[in-house]
Amino acid sequence: MDEVDKFRGHDMQSLYDPEEAATEWNSPAYSTGAAKITRTQTSRLLFEGGYSRNIEYYTTAMRFGVEFDDQEIKIQIQRGAVVRGRVLIADDDPMVGILATETLQQAGFDATVVSDGSAVLAAFDRHVPDIVLLDVEMPGANGFELCAAIRKRSHGAHVPIVMVTGRDDTASISQAYAAGATDFMVKPITWPVLPHRVGFVIRSHQTTRALRDSEARTRALLEAFPDWIFRVAPDGRVLEHLSGNTQSTGEKFVGMTIEDSLPAETARKAREAMQAAMGDGAQQSYEFDVGVGPAQKSYETRINLQLDATYLFV
């Protein structure tokens, strides 16, 4: 079974459900970016079942980091078969709406225009865009207020919002960012540059989202890890308690030095291990005992030097 056969016959709409999508695409091969759809497989996917079904496949696949043959993607974008992203344009100027739609659609984006501010939120919920181009001054609603309202929606907290305005004063720009805008664009718009600007903002957002998801997964793994893990500065100060069964107990060491938090002999061993790790970059370890008599227990600490010159104590 090849990459094409694996997904043939699926209900394309179901791929937009987060749980379904996660099940489908978060396999080790896809989540690591190792999977690659070749030109031949791409053509088979597109032409078996028609464009309308496979636009959904393409869009979801690209969002989850699956790589496609670049030349094939370029060809299919020109044919209108691949959607690079959904763009919601909110602007009451009909000429701006027409030019923006034509420019973005020719570049492979799916563009929707709303000319009345009171309809923006409904359009946002209906289309679930990858980016919003939001005019500051619209009939029916204030652009800044709409931006803030989108941010309050569960699916709008992180969507890129670019405020489009004829104002270039500092106060308006500051107000846009205060309302939750990702970026701003000053009219008149340079139309040939617009698709590049939109594509860049979407890619930046996707990269940030991937990083945020990766950090969340890493944090979940660390919290489930039974061993204590500390990040320690070169001067021996505990910077962060990353994991351990008793999180609250470990947190009390943050801000303390090794000498403040460990017995003198154990602190000496820790310092020697840090110096050795700094010298050759290899993992170091030392052993120490806690308690006396029958209750005494032996432990081992492993020390790794990090790229930022801090130490990881495990």
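## Salt bridges and an open sheet

Arginine 268 forms a salt bridge with glutamate 272, and their closest N and O atoms sit 2.5 Å apart. Keep in mind that this is a predicted model. Both residues belong to helix α14, 4 residues apart, which is about one turn of the helix. Arginine 268 is partly exposed, at 37% relative accessibility, and glutamate 272 is partly exposed too, at 43%.

Why can such pairs form? Side chains of opposite charge can pair when their charged atoms come close.

How many salt bridges are there? The count comes to 11. Here are three of them:

| Salt bridge | N to O distance |
|---|---|
| Arginine 268 with glutamate 272 | 2.5 Å |
| Arginine 271 with glutamate 259 | 2.9 Å |
| Lysine 187 with aspartate 91 | 3.0 Å |

The lysine 187 and aspartate 91 pair ties together distant parts of the chain, 96 residues apart. Lysine 187 sits in the loop between β9 and α11, while aspartate 91 is in the loop between β3 and α7. Is aspartate 91 buried or exposed? At 3% relative accessibility it counts as buried, because the cut-off for buried is under 20%. Lysine 187, at 25%, counts as partly exposed.

Arginine 271 is partly exposed at 24%, and so is glutamate 259 at 41%.

Now for the sheet. Helix α14 (residues 264-280) lies across β10, β12, β13 and β14, running at about 175° to β12. The open sheet has 5 strands in the order β11-β10-β14-β13-β12, with antiparallel pairing. β11 and β12 stand at the edges with a single partner strand each, so one side of each has no neighbour in the sheet. From one strand to the next, the twist averages 25°.

Let's walk across the strands. β10 and β11 pair over 4 bridges, and phenylalanine 230 has histidine 241 in β11 as its bridge partner. β13 and β14 are joined by 3 bridges, with isoleucine 303 partnered by phenylalanine 313 in β14. Their hairpin has 5 residues between the strands, and alanine 309 in the turn has a positive phi of about 70°. Finally, 7 bridges join β12 to β13, where glutamate 287 stands opposite glutamate 300. That hairpin has 6 residues between the strands, and glycine 291 takes a positive phi near 90°.

Terms used:
Residues are numbered from 1 along each chain as its sequence is written. This is a predicted model: local features need pLDDT of at least 70, side-chain atom pairs count only at pLDDT 80 or more; totals for chains, interfaces and linings use all residues. Side-chain values use heavy atoms; hydrogens and water are left out. Two strands pair if DSSP finds at least two bridges between them. Helices (H or I, at least four residues) and strands (E, at least two) are DSSP runs, numbered from the N terminus. Axes are lines fitted to C-alpha atoms, for helices over the stretch in contact, and angles run from 0 to 180 degrees between N-to-C directions. Contact means heavy atoms within 4.5 Å. A salt bridge is a side-chain nitrogen of Lys or Arg within 4 Å of a carboxyl oxygen of Asp or Glu. Buried means under 20% relative accessible area, exposed over 50%, partly exposed in between (1.4 Å probe, protein chains only).
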